[in-house]
Amino acid sequence: MPTLNHTPAFPGPVHAHWRAVAAAKGFDLIARIHDRFHLQLRCRHCSGAFTTKLFTLMRHQPLCPHCLAARRSAVAVAAGVSFLGPDPDRRGYGRFRAPCGHVLTRQFELIDRVAKGQTGLRCETCHAEREASEARRFGWERLGHCPSGQPNYRLYRHHCGHVQRIAQANMLWGQCDCAGCGRGWNAKPSFLYLFRIFLPATTDCPARQYLKLGYSAHPVKRHRHQLGLPRDAQVEVLRVLAMASGHLACRAEQAAHRRLIRAHPEAVVPAAELAGAMNVVREIYRPGLLPVIEAELDRIAAEADQTPV
């Protein structure tokens, strides 16, 4: 009967030095496996076997996956969830089953902080269901997260069919007048405005000039009675843009400020510089930004199909 040639199950010899290194790091070296670069080790703590690279054994401390899974399971139990396994697509993340039965994907570091009582853990599915229930109480349907990405806002549809974004905290308390059929400020016509503010020199400060972009149903009333300017301050109304509702005006103004602050942080006047000069210390700009702000208002007017007033 002819002799059959078999490929060795464990190619190549196992050097005594490798065994010594493995023992020093808490493992028994069982054999070489797959190829000359991989070894099979047995953990002396849990007796579990696993495969690692020769390079990892010689240069680093191998991690026993069985011990690691046991530790993660223990931390998960302390955090009030069950560990299902590591996330296959994201390093440092695991999959956990919450008490409600839903599966959550979270960073292991977060679960560790939850177990220590340093933070909380919530299920997105259950949270969305609670938000939807809250919205139904006031005649709204929760559609999802805000398209602009603002974490505290959600997108809702009113029973009249109007869709708008509303702060989740406002929906919780029912402070959410519909900009389509409501009678509040957000449903009434409003305006975007651009002011140039002149502050005269004082004994402590030279004369100053600023730009203020905002929205109001009464722009003139805004600068005369609500900015808290000194009596000798001068305000020039550079631009007023009519908007169909306060809701649209507020949304356009906030988006414009985000773009301006992100693209031109050097033009934002620090709050400390405005202290005592007016009661508004945010979203005030240097006069050199005027052409950029004018372009923003032109873009908003084009998008809203409005004509500047």
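Is Phe96 buried or exposed, and with what relative accessible area? Phe96 is buried, at a relative accessible area of 1% (buried is under 20%, exposed over 50%, partly exposed in between, with a 1.4 Å probe and protein chains only). The model is a predicted one, so to speak only of what was kept: local features need pLDDT of at least 70, side-chain atom pairs count only at pLDDT 80 or more, and totals for chains, interfaces and linings use all residues. Residues are numbered from 1 along each chain as its sequence is written, and side-chain values use heavy atoms, with hydrogens and water left out.

On to the aromatic rings. A search of the whole structure turns up six aromatic pairs (rings of Phe, Tyr and Trp, the last by its six-membered ring, with centres within 6.5 Å; planes under 30 degrees apart are stacked, over 60 edge-to-face, the rest tilted). In one of them, Phe83 and Phe96 have ring centres 5.5 Å apart and planes at 45°, so this pair counts as tilted. Phe83 sits in strand E4 (residues 82-86) and Phe96 in strand E5 (residues 93-97), so the pair links distant parts of the chain, 13 residues apart (strands, E, are DSSP runs of at least two residues and helices, H or I, of at least four, numbered from the N terminus). Phe83 is buried too, with a relative accessible area of 17%. Together with Phe108, Phe83 and Phe96 form one aromatic cluster.

Trp140 and Tyr156 make an edge-to-face pair, because their centres are 6.4 Å apart and their planes stand at 75°. Trp140 belongs to strand E7 (residues 140-145) and Tyr156 to strand E8 (residues 153-158), so parts 16 residues apart in sequence get tied together. Both Trp140 and Tyr156 are buried.

Charges sit over rings as well (NZ of Lys or CZ of Arg within 6 Å of the ring centre and within 35 degrees of the ring normal). Arg90 has its charged end over the ring of Tyr93, 4.1 Å from the centre, while Arg165 lies over the face of Tyr153 at 4.5 Å from the ring centre.

Then there is the nonpolar core (buried Ala, Val, Leu, Ile, Met, Phe, Trp, Tyr and Cys residues joined through side-chain atoms within 4.5 Å). The largest has 18 residues, and Leu192 and Ile293 have the most contacts inside it. Elements giving two or more residues to this core include strand E10 (190-199) and helix H8 (246-263), and the largest share, five residues, comes from H10. A second, separate core of 14 residues includes Leu199, Leu227, Ala233 and Val269.
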